Amino acid sequence: GSSSQMFDKKSYGFETRSSDFNDDIDVSLGGFSEEEDWIFYGPYSDKSLIRNKLTFDLSNLIGYKASDTKFYNLSINGDYRGIYILMEKIKRDKNRVNINKNIDEDISGGYIIKIDKPSTEGYTSINSFSSEFDTRGSYIDASDIKFLYSYPKPTEISNDQKNYIKKYINDFEKALISPNFKDPELGYKKYIDVDSFIDFLILNEISKNIDAYRISTYMHKDKNQKLKMGPIWDFNLGFGNVNYCDAELTSGWSFNFNEICGGDNWKVPFWWNRLFKDPSFVVKLKNRWSDLRTNVFSNQDLEDRIDKITNFLIENNAPRRNFDRWSIIGKYIWPNNYIGNNYGEEISYLKNWLEKRVKWMDEEINSL
């Protein structure tokens, strides 16, 4: 993570290797499918410890594939580091992002791209390409919206592959901004999997994720298929855990970020406001939200899900050990909106915030 590296409790990416360290090897960790690339995420500013785990669980429960997750007490070379979450790194694999290998004979897929902060070298023609539209959908030579290559990797992607995925995104955006954007044949539906866009939106909005749509935003395209949003990633700053840009409020859409914090370097593409202007998209959103609110996203199910996760941690004495190691309860850690005096208060805040958030979304979606 980028901002998380400011904290003393670090998160880690790691590989499983052979005993002589010469080869990456696929193994099953935590009962997950065999692979070689992994993440140990260490919740720190999220003093509930569960925001990522909760969101990833909800995503998988609604059939929208996210990384599997599992809690661990992590020690490195005998140094206890606190509660960590084992997570599957986002990559092309039949058990992760299940898309085909991209080969010269057919460059229609697969691809994984993301809207995100760049690595240390910044945005370059090697690792990224720019949208041809600004955040209001106007044609522009130097857009704020950049797309980073994730698969194929920047060091491996060919010029033909770059040109293909850049043209595909550009054609989608042109169709979306065109007067015929609602047309099922001429408009945006020709290019995107609408259901994946709706699930992505719902998960980012229920959490009011401050980074939604503009940072850690993955999308993928398989051979002869449409562009899909996801997998989801990075929700430690969701669910009211932020004290800037109105993210602490239980009202308001996250996709309107540009209107609230227009001076930020990373902005939301025009896509989402435009999609809301299509009645067929709105109907699909209403139906999906209504369906989810009767089961996985009902108030009782959401509270039970939080209780299940936190009871497991408490029964294993994990929060106490973590906060003995990292003495941050009752202290402001960037960018906390709420500071509880104990772990129970942090969980109560999360529950109360979420209850108010889904109530606002009920009212807002029903009125669309």
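Leaving aside neighbours within four places in sequence, with which residues is D211 in contact? In the predicted model, D211 is in contact with T217, D234 and L237. This aspartate is placed in the loop that runs between helix α3 and strand β8 (217-221). D211 has a relative accessible area of 8%, and because the limit for burial is under 20%, D211 is classed as buried.

The loop between α3 and β8 also holds K208. The phi angle of K208 is positive, at about 45°, although K208 is not a glycine. Most residues other than glycine have a negative phi, and most peptide bonds are trans. With a relative accessibility of 6%, K208 counts as buried. A positive phi in a residue other than glycine is found again at N224, where the value is near 55°. N224 belongs to the loop between β8 and β9 (227-229). Its relative accessibility is 68%, and N224 therefore counts as exposed.

Helix α3 (residues 194-206) packs against helix α6 (residues 279-293) at an angle of about 60°, with the two axes 10 Å apart. The two helices are therefore oblique to each other, and their crossing is right-handed. On the α3 side, the contact is made by V194, D195, I198, D199, L201, I202 and I206. On the α6 side, F281, K284, L285, R288, W289 and L292 take part. Sorted by class, this contact comprises nine nonpolar and four charged residues, with no polar ones. An α-helix has 3.6 residues a turn, so residues three or four places apart point the same way.

Helix α3 also meets helix α9. Here the axes come within 10 Å and cross at roughly 135°, which makes α3 oblique to α9. The residues of α3 in this contact are I202, E205 and I206. Their counterparts in α9 are W353, L354, R357, V358 and M361. By class, six residues of the contact between α3 and α9 are nonpolar and two are charged, while none is polar. I202 and I206 take part in the contact of α3 with α6 and in that of α3 with α9.

The largest nonpolar core of the model has 98 residues. Within this core, W271, W272 and F297 have the most contacts. Helix α9 (residues 343-366) supplies the largest share of the core, 10 residues. When residues up to four places away in sequence are not counted, W271 touches F147, F172, E173, L176, F197, M219 and M229.

Y84 is found in strand β4. The relative accessible area of Y84 is 0%, and this tyrosine is accordingly buried. Apart from neighbours within four places in sequence, Y84 is in contact with K9, K10, S11 and Y12, with F40, Y41, G42 and P43, and with K70, F71, Y72 and L74. Y84 and F257 are 173 residues apart along the chain, and their C-alpha atoms are separated by 30 Å.

Helix α1 (residues 51-61) is mostly covered, with nine of its 11 residues buried. The buried residues are R51, N52, K53, L54, T55, F56, D57, L58 and S59. Their cover includes strands β2 (37-41), β3 (69-76) and β4 (79-88). Helices α3, α7 (299-315) and α9 are also included in this cover. Just after α1, G63 adopts a positive phi of about 85°.

Cis peptide bonds were identified at two further positions. One of them joins G109 and G110, with omega at about -5°. G110 lies in the loop between β4 and β5 (111-115). A cis peptide bond also joins W334 and P335, where omega is about -5°. P335 is located in the loop between α8 (318-325) and α9.

Terms used:
Residues numbered from 1 in each chain as written. Predicted model: local features only at pLDDT ≥ 70, side-chain atom pairs only at ≥ 80, totals over all residues. Heavy atoms only, no water. Axes fitted to C-alpha atoms, helices over the stretch in contact; angles between N-to-C directions. Helix = DSSP H or I, 4+ residues; strand = E, 2+ residues; numbered from the N terminus. Parallel < 35°, antiparallel > 145°, perpendicular 65-115°, else oblique. Left-handed = near helix turned anticlockwise from the far one by under 90°. Contact = heavy atoms within 4.5 Å. Nonpolar A, V, L, I, M, F, W, Y, C, P; charged D, E, K, R; others polar. Core = buried A, V, L, I, M, F, W, Y, C linked by side-chain atoms within 4.5 Å. Buried < 20%, exposed > 50% of the residue type's maximum accessible area, 1.4 Å probe, protein only.
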